[in-house]
Amino acid sequence: DEGLHYPPLDLLALLCDSVALGGNVLLNFGPQGDGTFSKYTQAQLNAIGQWLKANGEAIYGSAPGPFGRRSWGVSTVKGSEVYLIIFRPTATMNIRGLDNVVKRARLLENGAELNFTQRGSLLQINLPEINNLPAVVALNVEGSPAADDTGIAQEGDGSIVLAANSAQLCSSPG
């Protein structure tokens with residue numbers, strides 16, 4: 001089994017990031033000379049397929065979400081549903097910048113209703129222990145989903161994360 005292989009979580013990160021930013025992904029998988037796929041490729045595709053079976057609602061037919069990239073992950077949107085695709089979960093997720101009132105929050109994988117509180121643009125969601133990453137939280141919101149998309153917000157511990165992959169190059173003045 002030769003070639004460059006990526007762990008399934010890396011491929012899921014690529015897929016989710018691409019969809020959340022308005023793109024798509026083409027995986028360069030192909031059969032071996034005898035027409036079969038390698039065991040490693042089969043494992044990768046099975047893992048991605050299992051994740052999509054439980055969380056595909058956040059991917060298929062969705063559009064880029066209102067948050068762009070955040071320290072916890074990315075988001076997509078479909079109708080009045082905002083999907084938080086979470087790669088770095090904490091027991092209490094602090095989601096800042098949402099302009100909509102949240103009516104319902106659920107874990108997409110199993111449909112479990114999640115407790116949350118919302119004060120202005122701060123949404124705090126209590127998550128159960130997460131074993132399968134990325135986790136997807138579906139938020140049903142009033143109106144058309146919108147958020148402050150600067151990505152600059154104080155985290156729950158008071159820190160501010162300025163991610164390099166969210167930066168934009170600007171020409172210097174003068």
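These legends describe close-up views of a predicted model. Local features need pLDDT of at least 70, side-chain atom pairs count only at pLDDT 80 or more, and totals for chains, interfaces and linings use all residues. Residues are numbered from 1 along each chain as its sequence is written, and side-chain values use heavy atoms, with hydrogens and water left out.

**View 1. The largest nonpolar core.** This core has 21 residues. A nonpolar core is a set of buried Ala, Val, Leu, Ile, Met, Phe, Trp, Tyr and Cys residues joined through side-chain atoms within 4.5 Å. Buried means under 20% relative accessible area, exposed over 50%, and partly exposed in between (1.4 Å probe, protein chains only). F67, L84, I95, I125, V137 and L139 have the most contacts inside the core. Two or more residues come from each of β3 (81-86), β4 (92-96), β5 (102-107), β7 and β8. The top contributor is β8, with 4 residues. Strands are DSSP runs of E, at least two residues; helices are runs of H or I, at least four; both are numbered from the N terminus. In soluble globular proteins, nonpolar side chains tend to be buried together.

**View 2. Contacts of I95.** Neighbours within four places in sequence are left aside here. I95 then touches F67, W72, L84, S121, L122, L123 and I125. Contact means heavy atoms within 4.5 Å.

**View 3. The second core.** A separate core has 18 residues. Among them are C16, A20, I48 and Y83.

**View 4. A nonpolar surface patch.** L14, L27, F37 and L45 make a patch of about 290 Å². Patch residues have over 30% relative accessible area and no salt bridge; nonpolar side chains (Val, Leu, Ile, Met, Phe, Trp, Tyr) are joined within 5 Å, like charges within 9 Å. A salt bridge is a side-chain nitrogen of Lys or Arg within 4 Å of a carboxyl oxygen of Asp or Glu. Areas come from the Shrake-Rupley method with a 1.4 Å probe; for residues, only the protein chains shown count as cover. L14 sits in helix α1 (residues 8-20). L14 counts as partly exposed because its relative accessibility is 43%.

View 5. A47 belongs to helix α2 (residues 39-55) and is partly exposed at 29% relative accessible area. P7 is 40 residues from A47 in sequence, yet 9.5 Å away in space, C-alpha to C-alpha. T41 also lies in helix α2, but is buried at 8%.

**View 6. A cis peptide bond.** L133 and P134 are joined by this bond, with omega about -5 degrees. P134 is in the loop between β7 (122-126) and β8 (135-141).
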